[in-house]
Amino acid sequence: HMDATVEGHDLGALLVAFGNEVLFLFEVETFLWSGAELLSLEDGEARVRIFGERFDPERHPIVRPFKAVTHHDAVVTRLPAEGEDQPRWTAEIIVDL
């Protein structure tokens with residue numbers, strides 16, 4: 001795994017910053033992400049643990065990697081709480097191919 005810190009003025013901007021971080025990790029570090037865990041969120045800064053592994057074209061067939069993350073229609077929504085569980089969220093971004 002890798003830890004990263006991203007910044008943004010709202011949740012949508014943080015989501016886009018996260019998308020750009022995983023794109024950077026893929027392009028520069030050849031790290032292919034498979035999941036993430038939010039470690040902390042405060043004052044426009046999110047610390048994230050990113051899970052994945054080194055890209056291997058024989059094991060990870062990618063037809064076309066994404067080139068950019070857009071701010072257009074980036075949405076983060078808090079879902080209703082279920083009992084005593086941690087808050088749940090859903091997020092959606094659009095990427096350019």
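Glu53 is partly exposed, at 35% relative accessible area. Buried here means under 20% relative accessible area, exposed means over 50%, and partly exposed is in between, with a 1.4 Å probe and protein chains only. The partner of Glu53 is Arg59, in a salt bridge whose closest N and O atoms are 2.5 Å apart. By definition, that takes a side-chain nitrogen of Lys or Arg within 4 Å of a carboxyl oxygen of Asp or Glu. Arg59 counts as exposed, at 51% relative accessibility.

A word on the basis. This is a predicted model, where local features need pLDDT of at least 70, side-chain atom pairs count only at pLDDT 80 or more, and totals for chains, interfaces and linings use all residues. Residues are numbered from 1 along each chain as its sequence is written, and side-chain values use heavy atoms, with hydrogens and water left out.

Back to charges. How many salt bridges does the structure hold? There are 2. Arg49 pairs with Asp3, and the closest N and O atoms are 2.8 Å apart. That pair links distant parts of the chain: Arg49 sits in strand β3, Asp3 in strand β1 (residues 2-7), 46 residues apart. Helices (H or I, at least four residues) and strands (E, at least two) are DSSP runs, numbered from the N terminus. Arg49 is partly exposed at 24%. Asp3 is partly exposed too, at 45%.

Now the helix. α1 has 19 residues and reaches 26 Å from first C-alpha to last, close to the 27 Å expected at 1.5 Å a residue. The expected span is 1.5 Å times one less than the number of residues. At the N-terminal end, Asp10 is the cap: a side-chain oxygen lies 3.2 Å from the backbone nitrogen of Gly12. After α1 comes Thr30, with a positive phi, near 50°.

Which residues of α1 are buried? Among them are Gly12, Leu15, Phe18, Val22 and Phe26. The buried residues of α1 pack against β1, β2, β3, β4 and β5. Contact means heavy atoms within 4.5 Å.

Next, aromatics. Rings of Phe, Tyr and Trp (its six-membered ring) pair if their centres lie within 6.5 Å; planes under 30 degrees apart count as stacked, over 60 as edge-to-face, and the rest as tilted. That rule gives 2 aromatic pairs. Phe18 and Trp33 are edge-to-face, 5.3 Å centre to centre, with 85° between the planes. Phe18 is in helix α1 (residues 11-29) and Trp33 in strand β2 (residues 31-42), so this pair links distant parts of the chain, 15 residues apart. Phe18 is buried at 12%. Trp33 is partly exposed at 36%.

The other pair is Phe26 with Phe55, edge-to-face, 5.3 Å centre to centre and 75° between the planes. Phe26 lies in helix α1 and Phe55 in the loop between β3 (45-54) and β4 (68-78), so the pair ties together parts 29 residues apart in sequence. Phe26 counts as buried, at 19%. Phe55 is partly exposed, at 27%.

Last stop, Ala91. Ala91 is in strand β5 (residues 89-96). Is Ala91 buried or partly exposed? Partly exposed, at 48% relative accessibility. Leaving aside neighbours within four places in sequence, Ala91 is in contact with Leu15, Val75 and Val76. Leu15 is one of the buried residues of α1. The C-alpha atoms of Ala91 and Thr77 are separated by 6.4 Å, and these residues are 14 apart along the chain.

How values were computed
A polar contact is a pair of N or O atoms within 3.5 Å; within protein, one must be able to donate a hydrogen and the other to accept it, and residues adjacent in sequence count only if both atoms are side-chain atoms.
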